[in-house]
Amino acid sequence: MQRRQIGHRFRGMDVARSFVQLSMDERRVIARMHEKKISQAEIARTLRRDRSTICRELRRNFWHDREVPIAEGYWHVTAQQMAEDRRRRYRKLHHPAQVPRGSRRRRRSSASTCWL
């Protein structure tokens with residue numbers, strides 16, 4: 001997979017901004033560091049990701065459970081599944097429906113013929 005990189009300065013160090021989705025390993029690191037109460041900025045520096053990526057990841061994939069409040073938290077396996085589900089839903093919304101072959105009808109306009 002090819003990464004598109006844009007130079008970015010982050011507190012005195014060059015950080016390549018990449019547009020690649022977080023991997024399961026990166027989510028595992030986020031979960032462990034978040035559990036140890038390490039700041040989002042420090043997690044971002046460790047993973048060489050933007051701080052907003054970590055913030056967004058924790059906000060989107062934080063597990064809330066009213067019935068079992070002790071189970072609340074950021075769990076990397078659950079976060080990976082939630083992200084995959086979101087991508088799957090997004091793809092379904094943006095793919096136009098295929099028109100079956102036999103359902104085409106011919107409509108005549110005044111100047112041209114159109115296929116629908």
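Predicted model: local features only at pLDDT ≥ 70, side-chain atom pairs only at ≥ 80, totals over all residues.
Which residues make up the largest nonpolar core? Local features need pLDDT of at least 70, side-chain atom pairs count only at pLDDT 80 or more, totals for chains, interfaces and linings use all residues, and side-chain values use heavy atoms, with hydrogens and water left out.

Back to the core: its 11 residues are Leu22, Ile30, Ala31, Met33, Ile43, Ala44, Leu47, Ile54, Leu58, Tyr74 and Ala79. A nonpolar core here is a set of buried Ala, Val, Leu, Ile, Met, Phe, Trp, Tyr and Cys residues joined through side-chain atoms within 4.5 Å, and buried means under 20% relative accessible area, using a 1.4 Å probe and protein chains only. Helices α1 (24–35), α2 and α3 each give two or more residues to this core; helices are DSSP runs of H or I, at least four residues, numbered from the N terminus.

Let's look at α1. Its buried residues are Glu26, Arg27, Ile30, Ala31 and Met33. Just after α1, Lys37 takes a positive phi of about 65 degrees.

Next come α2 (residues 40–47) and α3 (residues 51–61), whose axes come within 8 Å and cross at roughly 115 degrees. Those axes are lines fitted to C-alpha atoms over the stretch in contact, with angles running from 0 to 180 degrees between N-to-C directions. Gln40, Ala41, Ile43, Ala44 and Leu47 of α2 meet Arg51, Ile54, Cys55 and Leu58 of α3, where contact means heavy atoms within 4.5 Å.

Finally, find Tyr74. Beyond its neighbours within four places in sequence, Tyr74 is in contact with residues including Ile30, Ala31, Leu58 and Ala79.

Terms used
Residues numbered from 1 in each chain as written. Buried < 20%, exposed > 50% of the residue type's maximum accessible area, 1.4 Å probe, protein only.
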